[in-house]
Amino acid sequence: MQPPKSLFQDYDAMAEYLTDITGRSQEVLREFAVRNQDTRRLTGEISNDPLNVGEAFQEMMKSLSVDPGTVMQRQFNLYGDYAKLMATMQRRMAGEQVKPAILPTQGDKRFVHPAWEENPMLDFVKQSYLIMARWLEVTISQLDGMDEHEKKKAEFFTRQFIDALAPSNFAMLNPEVIEATIESKGENLLKGLKNLLEDIDRGHGELSIRQADMNFFKLGENVATTPGKVVFQNDIFQLIQYAPTTETVAKTPMLIIPPWINKFYILDLQPQNSFIRWLVDQGRTVFVMSWVNPGPELREKTFENYITEGLFEALGAVEKATGEKKADTIGYCIGGTMLSTALALMAKKGDGRVNSATFFTAQADFKESGDLLLFVDDEQLDAIEKQMDAAGGVLEGRAMATTFNMLRSNDLIWSFVIDNYLKGKDPARFDLLFWNSDATRMPKKVHLFYLRDFYQHNRLAKGEMVMDGETLDLGDVEIPIFMQAGETDHIAPHNSVYRTAQLYASKGNKNVQYMLAGSGHIAGVVNHPDKKKYHHSTNTALPAKLDDWKAAAERHVGSWWPYWIVWLNKISPGESDARQPGDRELDIIEDAPGSYVKVKA
């Protein structure tokens, strides 16, 4: 019995498999073409370059043209790097043990297969790619005389270009794909083609990559299962009250304001990682706002409507359900941005219905809000507005999802391209990825206000935001504030969250606490104590500089939830008999998680 052929030695068999698969693929494509003759595409006066990439690269080329000396030096550096690579590869082919000319960065999962080192051809391709990628990034970062915003945009989209051209994204270079092709006799490529066409079909003519098995998870059955009832609703949200699990509960009820960019059940995925279930078990009466997935009929709704018809009506409903005039609150992401705006308005109006506010990775100062700032110049906002007009006055859910995915394209785009279309894998049954794929729409006026007044002009932080005739100032807010941030958060960077904490403390509020959790925008928040994962750092002081806060912070192993509940119990004491949904002034409408969350974008 002959030993099996190693990778890249079975090309004859592979060629035979590919020939067979090519013929069968043509049949699949013909069926798709017949089935999708009328595939819907978005229409309207939408730019062919909605992200304004072209202008950024024109600026980059202009800067290169006025500094030929730097360009020439960078070219010499590139030639030198490639000469070093050729020399090391020649020595390796001669049998020497040599160090690579360049290595992938730590944590780069694209080149973990042993063949990327063991196979000389693949090793050469990998190092060639890494050299060019590094050269492009460094060249752009060293440009002088270029508009800073356009330069950052050029850097960002260059990274997208670099990520797209990684050799791991090409079937004939990816050793994992080649192994799958040989093992399955090419069936992976046929299945991948079917997956690709299904995703185009599902996206109505645009590629909509499935990150998870969308048919496996059912809301209320295997995700979003914490028992509760919908006890109030209007045209923009449903209010869920969860059933108690303790005989007594805290006197002050808890209202959670999740982002409307995503659905609330990120906080209630499965019992073993549900923040909502955990909080109920801590003896809290928990209410959650489940935002509507809006259609064109809500295109006139404004950011102020989401405060007055959303948060304020929710606070009124919580009082009717419990008899308590105050509520503790949690705002997550944009829900936290809205909560901050509302708190500043309530401070001006003398509205004292909020007892405390906790923020999960939420910003109110957007000066250092990261790569998302690249998407908010006038040209791009005009393009987004046209896109929303073409869709009937809403931003389609997949548009925002694509933007977020681009911030981590290797993890959230290209890894799925490889698995779904090259390896032909079925989408994973992963609750978090299911939630991430369950996108929502947003009303035009709400979203443009968010992008222009917060991201582009930073009006709330500057004290320039006017709402209901009041000029808002977060320094006027005197209630206890707890701000959680994530160390590696790419959506609400932890330095940006720290700036927000300082705004709350700017006029002497001594009960403002900042806490830094390990991981990012999701895992940094959803980290059940039983998992014993990550870490968190605490420091009750709030010095002027974040680095000083970090230097004096104490690091703890595991979830930050227990630390936070101790803080909450101190500033929100008192007990009451457990409250059942519907036992006071609000009638039960339906079971949790309600019907609004089930509406697909």
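This is a predicted model: local features need pLDDT of at least 70, side-chain atom pairs count only at pLDDT 80 or more; totals for chains, interfaces and linings use all residues.
**Entry 1: two helices, α7 and α8**

At what angle do the axes of α7 and helix α8 cross, and within what distance do they come? I looked this up and found that the axes of α7 and α8 (residues 187-202) cross at roughly 110° and come within 7 Å. That makes α7 roughly perpendicular to α8. My labels follow DSSP runs numbered from the N terminus: helices are H or I of at least four residues, and strands are E of at least two. Axes are lines fitted to C-alpha atoms, for helices over the stretch in contact, and angles run from 0 to 180 degrees between N-to-C directions. Under 35 degrees counts as roughly parallel, over 145 as roughly antiparallel, 65 to 115 as roughly perpendicular, and the rest as oblique.

On the α7 side I noted V177, A180, T181 and S184, and on the α8 side E187, N188 and L189. Contact here means heavy atoms within 4.5 Å. These residues divide into three nonpolar, three polar and one charged.

Residues are numbered from 1 along each chain as its sequence is written, and side-chain values use heavy atoms, with hydrogens and water left out.

**Entry 2: P175**

Next I looked at P175, which sits in helix α7 (residues 175-184). Is P175 buried or exposed? P175 counts as buried because its relative accessibility is 0%. The cut-offs are under 20% relative accessible area for buried, over 50% for exposed, and partly exposed in between (1.4 Å probe, protein chains only). I also checked L122: P175 and L122 are 53 residues apart in sequence, yet 8.6 Å apart in space, C-alpha to C-alpha.

**Entry 3: the sheet**

How many strands form the open sheet, and in what order? I found 11 strands, ordered β15-β14-β13-β12-β7-β6-β4-β5-β2-β1-β17, with mixed pairing. Its edge strands, β15 (554-557) and β17 (590-591), each pair on one side only. Two strands pair if DSSP finds at least two bridges between them.

I then followed β2 (residues 237-242). Six of its six residues are buried, with F237, L239 and Q241 on one side and Q238, I240 and Y242 on the other. Strand β1 (residues 228-233) runs antiparallel to β2 and is joined to it by five bridges, with K229 opposite Q241. A hairpin of three residues links β1 to β2. Five bridges also join β2 to β5 (residues 286-291), again antiparallel, and there I240 stands opposite V288.

β6 (residues 327-332) is also mostly covered, with six of its six residues buried. β4 (residues 254-257) pairs with β6 in the parallel sense over four bridges, and M254 faces D328. β6 and β7 are parallel too, over six bridges, with G331 opposite F359.

Further along, β12 (residues 481-486) and β13 (residues 512-517) pair in the parallel sense over six bridges, and Q484 stands opposite M515. Helix α18 (residues 494-504) packs on the sheet, touching β7 (354-360), β12 and β13, and its direction makes about 170° with that of β12.

**Entry 4: the core and α10**

Which residues have the most contacts inside the largest nonpolar core? I found L239, L255, L343, I481 and Y514, in a core of 87 residues. The largest share of this core, 10 residues, comes from α10. A nonpolar core is a set of buried Ala, Val, Leu, Ile, Met, Phe, Trp, Tyr and Cys residues joined through side-chain atoms within 4.5 Å. Leaving aside neighbours within four places in sequence, L255 touches residues including L239, F287, L311 and I330.

I finished with α10 (residues 303-322) itself, which packs with α11 (residues 334-349) at about 80°, their axes 10 Å apart. That makes α10 roughly perpendicular to α11. Among the residues that meet are F303, Y306 and L311 in α10 and M338, L339 and T341 in α11. The residues of this contact divide into 11 nonpolar, one polar and no charged.

Notes:
Ala, Val, Leu, Ile, Met, Phe, Trp, Tyr, Cys and Pro count as nonpolar, Asp, Glu, Lys and Arg as charged, and the others, Gly among them, as polar.
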